[in-house]
Amino acid sequence: MNSGTHGGTNSSTNGGTNSSSAQGGPGAETAAWSRTVVAGWMVVLGAVSAVAFVVVAVLAADLRSVFLILLAASAALLATGAVRVTVTPHGVTVRSVLLPFLQRRIRLSRIRHASARPTRPGELGGWGYRWLPGQTAVSLRAGDALWLELTSGKHFVVTVDDAANAAARVNSSLAVAKG
């Protein structure tokens with residue numbers, strides 16, 4: 001695991017059977033690429049606030065419903081504070097590490113092009129899972145980001161290390177799919 005200056009922690013694994021696949025070279029379309037991004041502050045804040053809200057809800061019966069509603073905000077921080085980004089020949093999946101049933105899958109047939117560029121949370125509407133007109137994002141830190149241009153004309157963005165390799169794999173899979 002590598003802690004960066006971006007406030008997140010990243011872990012990586014490469015699938016595939018040969019080194020050129022792991023590097024995005026020939027055969028990359030057959031290998032899986034995967035990285036984990038953690039915004040530690042979001043996970044800690046989500047966990048601490050969840051415990052606090054439950055304790056207050058138990059102790060203050062007259063305010064229980066308010067604090068149980070606030071618990072949803074804690075759950076959102078926990079769900080989006082750590083994600084695993086996976087690229088396969090079938091598309092891109094962004095999955096919550098702590099709640100893996102929460103995921104966003106984008107089939108290859110819905111992707112027009114992939115690119116990578118440095119991105120700041122302010123460009124994406126802030127931290128966490130963000131919606132802006134024409135764009136959806138998972139923004140956990142400033143830095144490298146995978147930008148997917150979808151066939152609908154909209155964009156899906158996820159901040160993740162080694163985004164250039166992810167984009168190369170998506171584009172390679174698109175080229176293979178087009179024949």
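**Reading strand 9 and its surroundings**

Modeller: Strand 8 (residues 128–132) runs antiparallel to strand 9, and five bridges join the two. Bear in mind that this is a predicted model.

Colleague: Happy to start there! Which residue of strand 9 stands opposite Gly128?

Modeller: That is Ser139. Strands 8 and 9 form a hairpin with two residues between them, and Gly134 in the turn has a positive phi of about 80°.

Colleague: What else does strand 9 pair with, and in which sense?

Modeller: Strand 11 (residues 155–159) pairs with strand 9 in the parallel sense, over four bridges.

Colleague: How do I read burial along strand 9, residues 135–139?

Modeller: Take each face in turn. Gln135, Ala137 and Ser139 lie on one side, Thr136 and Val138 on the other, and all are buried. In total, five of the five residues in strand 9 are buried.

Colleague: Now the rings. How many aromatic pairs are there?

Modeller: The count comes to three aromatic pairs. One of them is Trp41 with Trp127, an edge-to-face pair at 6.2 Å centre to centre, with 85° between the planes. This pair links distant parts of the chain, 86 residues apart: Trp41 belongs to helix 2 (residues 40–59), while Trp127 sits in the loop between helix 4 (121–124) and strand 8.

How values were computed: Residues are numbered from 1 along each chain as its sequence is written. This is a predicted model: local features need pLDDT of at least 70, side-chain atom pairs count only at pLDDT 80 or more; totals for chains, interfaces and linings use all residues. Side-chain values use heavy atoms; hydrogens and water are left out. Buried means under 20% relative accessible area, exposed over 50%, partly exposed in between (1.4 Å probe, protein chains only). Two strands pair if DSSP finds at least two bridges between them. Rings of Phe, Tyr and Trp (its six-membered ring) pair if their centres lie within 6.5 Å; planes under 30 degrees apart count as stacked, over 60 as edge-to-face and the rest as tilted.
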